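User: Hi, can you walk me through this structure? I'm new to this, so please keep it short.

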Amino acid sequence: MNKVVITDHPLIQHKLTLMRKTSTGSKDFRELLTEITMLMGYEVTKDLQLRDVEIETPIQKTMAKELDGKKLAIVPILRAGIGMVDGFISLIPAAKVGHIGLYRDPETCEPVEYYCKLPQDIGEREVFLVDPMLATGGSATAAIELLRARGAKNIRMINLVAAPEGIAAVHEKYPEVNIYVASVDEKLNDHKYIVPGLGDAGDRLFGTK
């Protein structure tokens with residue numbers, strides 16, 4: 001399948017430019033991330049199924065559309081993925097939230113798992129796996145593997161910024177996982193950071209280094 005959806009709406013691109021700037025502080029960075037996540041959410045959820053229901057307006061009874069009740073889950077990759085949760089919850093408040101904790105070993109650049117807590121019925125839910133950055137694809141593929149091992153079948157990956165190397169790594173191992181991004185950047189540098197990127201999203205979110 002190998003589907004990559006780039007959400008290039010002008011508002012998203014404008015806000016992403018602000019996030020990239022070194023001068024943008026943590027407070028504004030967090031707010032922009034939430035705003036972009038909400039805007040991307042419209043693209044990510046546009047094919048959710050609807051059903052017909054009868055309702056009564058102040059004027060008369062009529063048939064209208066509502067979500068068909070399919071179960072959804074938002075799963076951030078800690079820690080930066082936490083910054084994308086509120087944006088999605090504001091759109092789909094009934095979704096449950098799981099957490100996957102991974103960090104990148106500074107020597108090997110490989111992901112190391114330290115936490116995983118998911119809804120018990122994750123296998124029955126459509127999963128939105130969220131992380132601002134898709135760099136090497138190591139954390140993403142490790143998170144997908146954890147989700148698959150616990151029964152998740154339908155997974156979508158949502159990132160702000162991705163490197164071509166990360167997209168290729170995910171699709172080589174999981175070609176059925178659709179990836180939604182605001183930008184596909186140029187490449188990874190020697191330290192495995194996205195170029196031009198926006199720096200370490202976790203540090204910029206939480207004011208740490």
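Predicted model: local features only at pLDDT ≥ 70, side-chain atom pairs only at ≥ 80, totals over all residues.

User: Let's start inside. How many residues does the largest nonpolar core have?
Analyst: The largest nonpolar core has 34 residues. Those with the most contacts inside it are Met 19, Met 40, Phe 88, Ile 158, Leu 160 and Leu 198.

User: Which elements give two or more residues to this core?
Analyst: They are α1 (10-20), α2 (26-44), β4 (72-78), α3 (85-91), β8 (126-130) and α6 (201-206). Helix α2 gives the most, with six residues.

User: What does Ile 158 touch?
Analyst: Leave out residues up to four places away in sequence. Ile 158 then touches Met 40, Val 44, Met 84, Phe 88, Phe 128, Leu 129, Val 130, Asp 131 and Tyr 180.

User: On to helices. Which residues of α5 are buried?
Analyst: Helix α5 covers residues 164-173. Its buried residues are Gly 166, Ile 167, Val 170 and His 171. Seen down the axis of α5, they fall within an arc of 120 degrees, so they line one face of the helix.

User: Why does spacing matter for which way residues point?
Analyst: An α-helix has 3.6 residues a turn, so residues three or four places apart point the same way.

User: What do the buried residues of α5 pack against?
Analyst: Several elements: β1 (4-6), β9 (133-134), α4 (138-149), β11 (161-162), β12 (178-181) and β13 (183-184).

User: New topic: the surface. Which residues make the nonpolar patch?
Analyst: Val 4, Ile 6 and Val 184 make a nonpolar surface patch of about 210 Å². Ile 6 lies in strand β1. Ile 6 is partly exposed, with a relative accessible area of 45%.

User: Now charges. How many salt bridges are there?
Analyst: The structure holds 16 salt bridges. One of them joins Asp 52 and Lys 65, with the closest N and O atoms 2.7 Å apart. Asp 52 is in strand β2 (residues 50-56) and Lys 65 in strand β3 (residues 61-67). The two are 13 residues apart.

User: Is Lys 65 buried or exposed?
Analyst: Lys 65 is exposed, at 58% relative accessible area.

User: What about Glu 126? Which residue does it form a salt bridge with?
Analyst: Glu 126 pairs with Lys 70, and their closest N and O atoms are 3.2 Å apart. Glu 126 sits in strand β8, while Lys 70 is in the loop between β3 and β4, 56 residues apart. Glu 126 is buried, with a relative accessible area of 2%. Lys 70 counts as partly exposed, at 44%. Both belong to a network of salt bridges that also links Asp 47 and Arg 156.

User: Arg 125 and Asp 121 form a salt bridge too. Are they buried or exposed?
Analyst: Arg 125 and Asp 121 are both buried. Their closest N and O atoms are 2.8 Å apart.

User: Last one, the backbone. Which peptide bonds are cis?
Analyst: The bond from Leu 78 to Arg 79 is cis, with omega near 10 degrees. Arg 79 is in the loop between β4 and α3. The bond from Val 195 to Pro 196 is also cis, with omega near 0 degrees. Pro 196 lies in the loop between β15 (194-195) and α6.

User: And what phi does Lys 192 have?
Analyst: Lys 192 has a positive phi of about 65 degrees, although it is not a glycine. Most residues other than glycine have a negative phi. Lys 192 is in the loop between β14 (187-188) and β15.

Note on methods:
Residues numbered from 1 in each chain as written. Heavy atoms only, no water. Core = buried A, V, L, I, M, F, W, Y, C linked by side-chain atoms within 4.5 Å. Buried < 20%, exposed > 50% of the residue type's maximum accessible area, 1.4 Å probe, protein only. Helix = DSSP H or I, 4+ residues; strand = E, 2+ residues; numbered from the N terminus. Contact = heavy atoms within 4.5 Å. Arc of directions from axis to C-beta. Patch = residues over 30% accessible without salt bridge, like charges linked within 9 Å, V, L, I, M, F, W, Y side chains within 5 Å. Areas by Shrake-Rupley, 256 points an atom, 1.4 Å probe, with all protein chains shown as cover. Salt bridge = Lys/Arg side-chain N within 4 Å of Asp/Glu carboxyl O.
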